Amino acid sequence: MDLRFTPEQDAFRKEARAWLEAHVPAEPLPSLDTRQGCERHRAWEHELNRAGWAMVPWPVEYGGRGADLLQWLIFEEEYYRAGAPGRVNQNGIFLLGPTIMEYGTAEQKTRYLPKIASSEEVWAQGWSEPNAGSDMAAIQATAVVDGDHYVINGQKTWASRGAYADWLFGMFRTDPDSERHRGLSFILVPLDAEGVSVRPIEQLDGEAGFAEVFLDNVRVPLENRLGEAGKGWEVAMATAGFERGLMLRSPARFQNTARKLVELYRETVARGAVDPVLRERVVRCWMDAEAYTLNTYQTVSRLLEGGKIGSEASLNKIFWSELDLEMHETALRLLGARAELLPEAPAAKGVGGWLDGYLFALAGPIYAGTNEIQRNVIAERILKLPRK
Amino acid sequence: MRFSFTEDQLLLQTTVRDFLEGECPVERLRALWQTETGRSPELWSQLAEVGLLGLLTPEAQGGMGMNEIDLVLLLEETGRAALAEPVISSAAVGVPLLRELEENALGERWLPRVAAGEAVLAVGNGINPFLSDAHVADLLLLPHGDEIHALAPTAVTLERQASNDPSRRIFSVEWAPSSDTRVCGGEEGRTLLAAALDRGALACAAQALGVTQQLIDMAVKYATQRKQFGVPIGSFQAIKHMLADLKVKLEYARPVVYRAAHSVACEARCRATDVSMAKAAAGEAALMAARVALQVHGAIGYTWEQDLHVWMRRVWSLELAWGSGAWHRARVADAVLDGLTPAESFGYSALAA
Ligand SMILES: Cc1cc2nc3c(=O)[nH]c(=O)nc-3n(C[C@H](O)[C@H](O)[C@H](O)COP(=O)(O)OP(=O)(O)OC[C@H]3O[C@@H](n4cnc5c(N)ncnc54)[C@H](O)[C@@H]3O)c2cc1C
């Protein structure tokens, strides 16, 4: 065990820091869940990609930097430190990308990965359906082989970024006689294909953060399938593992929020007395953000030594989502009467993005598999408690 | 940067686990409750043979010359076994304290004997008024302001304080500091006392991890065997989710404790904060484990006869030793919120420092 960074890692950090300081937009970009904001975020991704920073752990030939996962953590720390924009293509870069790396053919890798890295193609995830939420194996949308194409019919819903994305990856029933998680395949669908209609859905904050996607006799080539036919579940679980286990929520994000919370606490103290209960909540948040970070460094060390992410991804998902919620809730309590102010309110100066962050944090225990489902997984797969 | 243990370290952990499973079963713990001292000289010399007691002792003085990163996993095992022998005060705190004295006559005299299991050290701290294992100690190291004093057990008066944990032996100590007993003071005394406190707290945190693991294992085993309504109670979601939450708590305390071990071993700038985070997090996981494990067991867990409370009581006493969770959390708050002592975000601060 050696928890000090090497001179090479420090040099990498310096390089990332210098580039980000010179390039991160001075003003925050408009929300990525608006048409204009989405385009501005895409332009930022192009800039990142041209400099080779879009996806540092990917091989150079796919638009990455060939860095290891520790360097990725370092990059993320610097990214949040610099206050850089949210990643509009997070479904592509953090979830689909690693899955293609593991399950894709050589052609698929060359075809998709560079355009993911550059965000020329922005991706949406299509697991959920009206009747398949937590119970994802209840997926009904079908993909039937017709010559060298699949013909897809059905409905996906709650697809984040769906309103402005170019592609959707998801699971479809390719074996009509199959049940539950057998007979599903992982298929990549262009959202501009004939027969696709997208209906944006406004979220709690009033923006079109997700969408319904209707598929009516949509034809996609067979080579758009990732992994074997009927083995979609296995591929999807790998994606979900990346999502919950590591990539989707790097620790830097929460450390950054925790630091801002500490700043807010200090400002609040400077304005007058603060309830000691809130002092305790703030320090607990800070400690938990550090615990999440340390746990991640431990996971990454394990991966670098040849380990894999398994069910323990479920532990992460619960921890970060509840921490995020607690940090934002604590911030709102510190803000007192100003907590309800929208940014345009004249008295809102200095309240920051806590309310918006809170609304988003509320979704954390729901998306990427609800926390109740994660608890089931921990109990049954890690603790080996009986299913029935 | 590498946040993992070596194969050797993991192997030593297994060795100690196997040893404790064989030599320190719960029946033996219960038998020791009944004895005058509550301690087993035989077990103590076996622990010396395994190398645990001199792990931090320099090789020149008969020890293994290792550090807290090597020790932390072994302390975890002593917690899992609910071992009551004074490993923390003697091996984890006393040895490095003697080792780091500038004037080393005391160390020369005692370190080889402590490593060999022939002598026991008891070390006091400024937070907790009671001294544990003073009755079996051959040398007491006591704080007095910023001074450290060394006394023979015959030079103090001990008053036993009955503890809720029948394995514990804690005492009020009456003693008088003098120039004869004074070992060091001033800057050296402050530095060594601060290090002793951090080492004690780290060791308790490590034991708390082991105790928590044991309580989870017991609860899972019981939930798998016990049937109600015709099915194992472990199939009920209420039971599953309680245990899952506990598992989350444990797995997020664990790396905090391991990092604290690293900070102590490397004398990191933020050592005190890192250790306090570990003591608070591991203690909280353990307190939760005690409650959850009892709830999972129902009434049988509420009996004296069932072994569950052996570990529950250890949770409660560890929580109080070397600074409570509340004390340590307040110390983190002072560092992080008020900047009284150093604290840094892991990773992020690497260049800033
Ligand atoms: C902001 C946001 C973004 C999203 N983005 C996407 C996306 O990009 N792509 C996508 O496919 N989906 C997305 N989702 C959908 C998300 O994956 C689902 O909401 C989630 O899987 C839960 O499904 P559901 O909403 O149908 O709730 P339900 O499954 O109906 O669950 C309702 C409640 O019942 C509980 N419950 C259900 N089953 C069990 C059980 N077995 N044990 C205990 N409790 C149970 C749940 O935990 C929950 O509390 C998103 C959701 C949100 C909120």
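Reader: Is Thr370(A) buried or exposed?

Author: In this predicted model, Thr370(A) is buried, with a relative accessible area of 17%. Buried means under 20% relative accessible area, exposed means over 50%, and partly exposed lies in between, using a 1.4 Å probe and protein chains only.

Reader: Where does Thr370(A) lie in chain A?

Author: Thr370(A) is placed in the loop between α10 (354-361) and α11 (371-382) of chain A. Helices (H or I, at least four residues) and strands (E, at least two) are DSSP runs, numbered from the N terminus.

Reader: And which residues is Thr370(A) in contact with, leaving aside its neighbours within four places in sequence?

Author: With those neighbours left aside, Thr370(A) is in contact with Ser134(A), Lys317(A) and Pro365(A). Contact means heavy atoms within 4.5 Å.

Reader: Before we go on, what are the ground rules for this model?

Author: The model is predicted: local features need pLDDT of at least 70, side-chain atom pairs count only at pLDDT 80 or more, and totals for chains, interfaces and linings use all residues. Residues are numbered from 1 along each chain as its sequence is written, chains are lettered from A and ligands numbered from 1 in the order in which they are written, and side-chain values use heavy atoms, with hydrogens and water left out.

Reader: Which residues of α11(A) are buried?

Author: The buried residues of α11(A) include Asn371(A), Gln374(A), Arg375(A) and Val377(A). After α11(A) comes Lys384(A), with a positive phi near 65 degrees.

Reader: What about Trp158(A): which strand is it in?

Author: Trp158(A) belongs to strand β3 (residues 149-160) of chain A. Although Trp158(A) is not a glycine, its phi is positive, about 60 degrees. Trp158(A) counts as partly exposed, with 47% relative accessibility.

Reader: Changing topic: how many residues does the contact take from chain B and from chain A?

Author: It takes 48 residues from chain B and 52 residues from chain A. The area buried between the two chains is about 5,000 Å², and carbon and sulfur atoms give 67% of it. On the chain B side, Met1(B), Tyr252(B) and Tyr348(B) lose the most area to chain A, together 18% of what that side buries. Buried area here is the accessible area (1.4 Å probe) that two parts lose on being put together, summed over both.

Reader: And chain B overall, how many helices and strands?

Author: Chain B has 11 helices and nine strands. Of its 353 residues, 59% count as buried. The C-alpha atoms of chain B fill a box of roughly 70 × 55 × 35 Å along the principal axes.

Reader: Last one: where is Arg314(B), and is it buried or exposed?

Author: Arg314(B) sits in helix α10 (residues 308-320) of chain B, and is buried, with a relative accessible area of 6%. Beyond its neighbours within four places in sequence, Arg314(B) is in contact with several residues, among them Ala82(B), Asp165(B) and Val211(B). The C-alpha atoms of Arg314(B) and Leu287(B) are separated by 9.9 Å, and these residues are 27 residues apart along the chain.
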